[in-house]
Structure formats: C-alpha cells, structure tokens
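Please have a look at it first, and then I will go through the pairs one at a time.

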Amino acid sequence: MSFLNGEGAKTEYTGISFAGAGQNLDTGFKVIHNAENTSSVVNSKSISKNGGKCTYRSLVRISENAKNSKSSVSCESLMLDDISISDTIPVNDIRNDEVEFSHEAKIGKISDKAIFYLMSRGLSEEDAKAMIVRGFAYPISKELPVEYAVEMNNLINLELEGAIG
Amino acid sequence: MLQELKINETPVRTSRNLNINNIKIQNIEIPETIGKFENVNIIGQVTEDVKGSYNLTYGLGNELENQVQQKANRKFKIVVEKNKNQNVEIDFNFNSQNLTLIDNIEIIANENTESTITIKYKSTENIKAYHNGIIRVLAKKNCKLNIIIVNLMNTESNNFRVLKIYLKIMQSQLYNCRLWRKK
C-alpha cells in the first residue's frame with residue numbers, strides 16, 4: 001500500500017504470482033493519491049495452472065485535492081488449463097475531474113493459435129506453451145536484478161515441465 | 001490455532017455470488033512460542049533499533065498485527081542517510097532449525113537518496129514454516145527507492161506479509177514476486 005502525500009510523488013508496483021494445484025494466491029496493491037501532481041503505475045500479472053487460483057485486488061484512490069494526478073493500472077492473467085481460476089477486482093475511486101487515469105485488464109487462456117504458430121516453426125507443444133508463459137512473465141523478469149530473474153525463469157521452467165496441456 | 005481469518009477485504013463490495021469480497025482462511029496454526037530465527041544473510045547496513053508499536057492498520061487483522069508488534073523475533077531498521085546511495089539485501093532462509101519468522105522491518109529513505117532494498121524469503125527443505133511480517137516505509141523528498149520482495153517459500157508454509165509506504169515527493173518502485181518452490 002502506498003500513500004502519495006507529497007506533491008509530485010510517484011510510485012510503481014510490478015507483481016507476478018504463479019498458482020499451482022491447491023494454491024489460492026490472493027494478492028493486490030493499494031495506492032492513495034493525497035497530493036497534487038502525483039502519479040502511480042500498477043502492473044500485475046498472474047499465472048494459474050492445475051486448478052490453482054489467483055485473485056488480484058487493487059485500489060487506486062485519487063483524493064479531491066490530488067489535482068493533475070496520473071494513474072495507470074494494468075492487470076493480466078493467464079490460465080493454463082480449464083480447471084484453473086483467475087479473478088481480478090480493480091477498484092478505481094476518482095474524486096476529482098483533473099486527472100489522467102487508465103485501466104486495462106486481460107484474462108485469458110493460453111492461445112491455441114499462438115501454439116499452432118510456434119509448432120509450425122518446429123517447436124513441440126510443450127516448448128511452445130513454455131515459451132508463451134516465459135514471454136508473458138518477461139516484462140516482470142526484465143525489471144528484476146539478474147540473479148532473481150534467472151531464478152524466476154528456472155522456477156517457471158521447472159513448474160511447466162510436463163505439467164501443461 | 002486460529003479458527004478463521006478474514007483478510008484482503010475489497011474496498012467496494014461486489015456480488016455476493018462471486019465469493020470474492022474477501023478471503024477466509026480456516027484453522028491456521030499460529031505458533032505460541034516463538035523461537036530464534038538465526039539463518040539470515042544481510043548485505044548492507046542495518047540496525048535492530050525498531051521502536052515499538054505504531055497506531056496503524058495494515059490489513060492482516062488484529063491477531064497477526066499484534067503478533068508482529070509484540071513477538072517479532074527479527075527486527076530490522078534500514079536508514080538511508082541524506083544525500084547517500086545505499087543498497088541492502090536481506091535473505092531469510094527457513095530450515096528445520098529456523099521454522100518461525102516474525103519480522104518487523106522499518107525503512108526510512110532520507111532526502112536526495114537512491115537505494116534498492118531486496119528482501120527474500122526462501123525455504124530450502126521440505127518443512128512447514130511460518131512467516132508473519134510487516135514492512136513499513138517512510139520515503140522523504142527527492143529520493144528514489146526500489147523495494148524488491150521475492151517469496152520462494154514452499155507450498156506447505158504459511159506466509160502473511162504486508163507492506164505500507166508513505167511517500168513525500170519521491171519515486172518508489174516495488175517489485176513483488178510470489179512464486180512457489182516444489183517440495
């Protein structure tokens with residue numbers, strides 16, 4: 001949770017969750033704009049597989065006195081099978097007219113079309129799916145320090161080995 | 001044993017049928033006796049001078065928040081001094097000798113600073129660990145603060161954590177990765 005109390009304060013949240021069988025990951029971020037010219041960027045991604053459940057909750061509140069504030073919220077979810085669940089509950093509470101605010105949410109299954117395309121280029125189905133998942137997580141992993149990014153990619157590969165489809 | 005814990009309530013209620021207004025966790029084993037947690041690697045300058053309680057609500061519920069205020073077995077304070085840049089990394093490694101961690105972390109970034117704070121929770125063995133913690137941040141004028149939290153605890157463990165940031169004319173970036181490690 002971030003409180004933007006000083007004029008011109010900025011905050012950015014980038015999060016990723018990976019829910020496997022029997023897991024319920026309930027994550028989120030709140031940001032309260034309390035001063036003028038403040039800005040926030042929220043970027044959340046979640047992946048669920050084998051019946052895992054991901055829930056993302058966010059609140060962006062821009063107060064009456066937070067004139068000329070900017071906020072951008074993006075939440076994306078990827079489900080790898082038919083039994084996994086993903087919910088996003090973004091709440092946007094804008095209390096003055098002089099703001100720039102954008103919000104986008106995308107929830108979907110892994111695209112058959114994309115898998116077919118990659119398979120036509122010589123990849124196996126598993127490799128194609130793993131490549132799509134790595135591409136989905138890439139915007140987050142590229143922001144992390146290199147040792148954590150490598151560990152994150154390794155974990156994703158480990159979880160995906162023979163597990164999808 | 002905590003019978004039921006209601007967490008992460010949505011600020012605006014949605015249809016009851018969706019069952020997503022909040023989440024209830026049942027029968028959580030909360031450790032009564034808190035042992036020591038020694039397996040911590042620290043890179044950078046930290047102290048253990050965290051002052052008692054603050055009248056703040058974090059969202060974890062009274063029971064868990066009181067546990068942090070009263071029974072924390074690791075307390076860290078990170079102060080980034082004015083006009084200086086400082087990076088700190090704290091790695092908490094759970095194993096069979098270090099099963100319970102209740103951490104209370106305070107970060108103060110003073111004026112004109114740039115810093116990256118990395119906090120990592122990792123369980124290396126097939127154990128049932130417990131973590132409950134609060135991270136409280138105060139960031140002052142013209143500072144840039146990156147906070148990276150990496151959770152690599154196994155699926156048997158209970159993990160409760162909340163982070164609260166107060167910003168005064170500054171820039172902060174928070175990266176939160178919640179992955180899980182195979183047993």
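What follows is a short walk through some of the salt bridges.

This is a predicted model, in which local features need pLDDT of at least 70 and side-chain atom pairs count only at pLDDT 80 or more, while totals for chains, interfaces and linings use all residues. Residues are numbered from 1 along each chain as its sequence is written, chains are lettered from A and ligands numbered from 1 in the order written, and side-chain values use heavy atoms, with hydrogens and water left out.

Over all chains, the structure holds twelve salt bridges, each being a side-chain nitrogen of Lys or Arg within 4 Å of a carboxyl oxygen of Asp or Glu.

Let me begin with Asp26(A) and Arg57(A), whose side chains meet in a salt bridge at 2.8 Å, N to O. This pair links distant parts of the chain, since Asp26(A) sits in strand E3 (residues 24–33) and Arg57(A) in strand E5 (residues 53–62), 31 residues apart; strands here are DSSP runs of at least two residues, numbered from the N terminus. Are the two partners buried or exposed? Asp26(A) is buried, at 11% relative accessible area, and Arg57(A) is buried as well, at 9%, where buried means under 20%, exposed over 50% and partly exposed in between, with a 1.4 Å probe and protein chains only.

In chain B, Glu29(B) and Lys128(B) form a salt bridge at 3.9 Å, N to O. Each of them lies in a loop between two strands, so the pair ties together parts that are 99 residues apart in sequence. Glu29(B) is partly exposed, at 47%.

Methods. Helices (H or I, at least four residues) and strands (E, at least two) are DSSP runs, numbered from the N terminus.
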